[in-house]
Amino acid sequence: MFSNRLRIAMKMGSFRISLLSLLLLLCCYAPIGEAKYLKYKDPNQPLNARLRDLMQRMTLEEKIGQMVQIDLTVATPEILKKYFIGSLLSGGGVVPAPRASAETWVNTVNELQNGSLSTRLGIPMIYGIDAVHGHNNVYNATIFPHNVGLAFYIARDPLLVRRIGEATALEVRATGIPYVFAPCIAVCRDPRWGRCYESYSEDHKVVQAMTEIIPGLQGDIPAGFPKGVPFVDYGTKVAACAKHFVGDGGTHNGINENNTIIDYHGLLSIHMPAYYDSVIKGVSTIMVSYSSWNGKKMHANYDLVTKFLKDYLKFRGFVISDWQGIDRITNPPHANYSYSVQAGVHAGIDMVMVPYNYTEFIDDLTYQVKNNIIPMSRIDDAVRRILRVKFTMGLFEHPLADLSLAHLVGCKMHRELAREAVRKSLVLLKNGQSTDKPLLPLPKKTSKSILVAGSHADNLGYQCGGWTITWQGQGGNNITSGTTILDAIKATVDPTTNVVYTENLDLDYIRDGDFSYAIVVVGETPYAETGGDSLNLTIPSPGPTIIQNVCSAIDCVVVLISGRPVVIEPYVPKMGALVAAWLPGTEGQGVADVLFGDYGFTGKLSRTWFKTVDQLPMNVGDENYDPLFPFGFGLTTQPINAS
């Protein structure tokens with residue numbers, strides 16, 4: 001091209017050939033060649049070569065933009081382009097439109113992504129979302145049981161959790177999103193904590209086994225892959241996020257975001273092991289906890305975030321803050337923002353979740369770098385980690401989503417998997433007033449009627465719990481699509497069997513009803529995070545009254561819907577049978593499958609069930625261990641052809 005231009009110029013006689021002219025022509029030629037080939041955009045180049053090439057092209061403004069994650073509610077393509085924003089998220093319940101379809105999600109994500117691709121270097125943004133028990137923000141998605149119910153075999157069947165990760169990844173990818181804030185690998189040591197249902201167990205060994213969900217979400221690491229380097233198998237997989245680093249499940253009195261009081265050995269032996277496994281399995285990102293360790297805020301803990309996680313464990317993905325997490329380094333939050341920015345970034349946080357006030361963060365961090373308060377080496381480390389994840393997940397080659405997976409959102413195959421998970425998550429705590437007279441499984445056919453009672457029997461929102469469609473969750477059957485426990489019972493019993501449902505009732509109604517038996521479904525109402533903190537852990541009214549009325553008048557099975565063990569000791573003697581159903585999600589048919597004997601009970605407690613809250617915290621292995629039902633407890637039944 002250069003020789004042609006030179007020949008034409010000479011023929012036209014438009015200018016004299018001189019050294020200056022040659023230099024000008026060479027300068028024109030260089031950008032043309034560069035536009036054809038950029039090393040960082042070449043997937044055939046080694047990862048580190050691509051990283052070096054891109055990093056040396058970036059300005060400080062572009063680097064700091066990569067460290068910022070903002071919420072969908074404030075995002076536009078123009079903002080992403082102007083500030084070089086590195087990431088977006090949908091906070092709990094934030095959606096493009098009510099009941100948005102997969103197509104609406106994909107179009108929204110792509111429109112925003114085009115803003116990032118139109119920047120000078122065309123670095124794609126990464127979109128993250130909470131998918132903690134399925135794609136839980138999305139209408140019609142499959143909602144799996146919350147983690148508290150998934151360690152049903154005491155970690156003997158982590159492959160089911162892996163399959164759940166695979167299904168979740170497919171449904172998330174179907175909506176154009178490549179990044180999930182899951183799994184939560186907290187070790188909940190006190191059920192008074194409002195996030196206890198997000199934890200698999202009080203035992204770190206169970207939680208470690210459940211990290212098998214990470215290869216389900218991300219894919220299997222190739223043989224010989226370097227330890228600690230993130231890995232995502234592009235196409236049907238998503239980048240995962242192990243959270244919340246570290247000790248969030250051990251706060252004093254189970255108070256959310258509070259102080260975990262434990263020595264170094266205790267922290268490493270109880271709360272850290274699942275992070276070893278997550279790093280080994282190639283987890284892409286790790287989220288820092290709001291909580292403190294012995295008074296030191298985790299968002300400002302350089303020794304644990306940088307020295308331990310990054311240097312000792314060799315984690316090479318990126319560390320992300322929690323929602324407005326650096327603001328909460330001070331009390332009250334945001335009281336000294338410049339200090340918070342300095343402390344958080346210095347501690348080793350690479351991507352900062354600043355959902356709304358992103359310009360304040362960008363301005364403050366820029367000032368601190370230019371004035372040598374935060375060294376440029378710390379910025380480069382953060383950006384290198386973020387770009388490494390983006391490269392490994394194929395975002396540079398495939399930044400835009402399509403609708404090829406849209407049919408998988410809430411598909412039958414995934415709902416059957418969720419139904420299987422429900423069946424296996426149920427824990428039978430009592431079965432009959434004596435061992436030789438079990439009440440379960442129940443007969444499907446009876447000459448009398450079956451009574452179904454309780455606030456949770458016909459309430460899809462209640463059985464899904466928090467982090468479902470909205471952040472805190474909500475009651476009702478219109479929140480998404482699924483099968484309530486009542487509908488499942490009606491679909492399971494013989495067509496000639498009369499099922500009578502009432503949410504609340506009195507003794508006279510029961511005595512006059514001529515019922516063969518009753519199924520009482522009660523429990524906690526939805527909550528999330530601090531909204532779920534409870535010092536008394538009682539079953540909300542009118543649950544206890546319904547149990548007392550029904551179970552004192554007729555053989556009854558109590559199905560308890562809860563995110564954790566709650567106070568039940570006073571009511572157990574009256575119950576004919578007791579089932580801990582946890583928060584089963586959208587597939588209530590899994591409950592009926594086991595109640596009526598199509599499948600047997602196999603679940604075991606992954607948590608200690610206390611007698612009174614005065615015993616808390618109480619965990620397996622404690623010196624004065626005196627539970628109502630111990631860790632690992634669970635009665636079994638055999639499947640039958642009930643008649």
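Buried here means under 20% relative accessible area, exposed means over 50%, and partly exposed lies in between (1.4 Å probe, protein chains only). Helices (H or I, at least four residues) and strands (E, at least two) are DSSP runs, numbered from the N terminus. This is a predicted model, in which local features need pLDDT of at least 70 and side-chain atom pairs count only at pLDDT 80 or more, while totals for chains, interfaces and linings use all residues. Residues are numbered from 1 along each chain as its sequence is written, and side-chain values use heavy atoms, with hydrogens and water left out.

Strand β16 covers residues 556-561, and six of its six residues are buried, so it is largely enclosed by the rest of the structure. Its partner β15 (residues 515-523) pairs with β16 in the parallel sense over six bridges. Two strands pair if DSSP finds at least two bridges between them. Ile519 has Val557 in β16 as its bridge partner.

## Other strands and sheets

Strands of a sheet pair through backbone hydrogen bonds, either parallel or antiparallel. Strand β12 (residues 427-431) is mostly covered, with five of its five residues buried. Four bridges join β12 to strand β17 (residues 577-582), and the two run antiparallel. Within this pairing, Lys430 stands opposite Leu578 in β17.

Five strands form an open sheet with parallel pairing, in the order β4-β3-β2-β1-β11. The edge strands, β4 (179-180) and β11 (352-353), each pair on one side only. Inside the sheet, β1 (residues 68-71) and β2 (residues 87-90) are joined by three bridges in the parallel sense. Ile70 stands opposite Leu88 in β2.

A further open sheet has three strands in the order β6-β8-β9, with mixed pairing. Its edges are β6 (259-260) and β9 (296-297), each with a single partner strand, so one side of each is left without a neighbour in the sheet. Strands β6 and β8 (residues 292-293) run parallel and are joined by two bridges. Thr260 stands opposite Trp293 in β8.

## Helix α3

Helix α3 (residues 47-57) has Ala49, Arg50, Leu51, Asp53, Leu54 and Met55 among its residues, and these are buried. An α-helix has 3.6 residues a turn, so residues three or four places apart point the same way. The buried residues of α3 pack against α4 (60-66) and α15 (376-392).

## Rings and charges

How many aromatic pairs does a search of the whole structure find? The search finds 14. Rings of Phe, Tyr and Trp (its six-membered ring) pair if their centres lie within 6.5 Å; planes under 30 degrees apart count as stacked, over 60 as edge-to-face and the rest as tilted. Two of these pairs are tabulated.

| Pair | Centre to centre | Angle between planes | Type |
|---|---|---|---|
| Tyr83 and Tyr358 | 5.6 Å | 75° | edge-to-face |
| Phe245 and Tyr275 | 5.1 Å | 90° | edge-to-face |

Tyr83 lies in helix α5 (residues 77-83) and Tyr358 in helix α14 (residues 358-370), so the pair ties together parts that are 275 residues apart in sequence. Tyr83 is partly exposed, with a relative accessible area of 22%, whereas Tyr358 is buried, at 10%. The other pair links Phe245 in strand β5 (residues 241-245) to Tyr275 in helix α11 (residues 273-280), 30 residues apart. Both Phe245 and Tyr275 are buried. Ring pairs also link Tyr40, Phe391 and Phe396 into a cluster.

A charge sits over a ring if NZ of Lys or CZ of Arg is within 6 Å of the ring centre and within 35 degrees of the ring normal. Arg328 lies over the face of Tyr290, at 4.1 Å from the ring centre. Arg423 has its charged end over the ring of Tyr599, 3.7 Å from its centre.

## The chain as a whole

The protein chain contains 21 helices and 17 strands. Its radius of gyration is 28 Å, close to the 26 Å that the globule rule gives for 643 residues, so the chain is as compact as a globular protein of that length. This radius is taken over C-alpha atoms, and the globule rule is 2.2 Å times the number of residues to the power 0.38. Buried residues make up 62% of the 643 residues. Of the contacts (heavy atoms within 4.5 Å) with a separation of 6 or more, 76% are between residues 24 or more positions apart.
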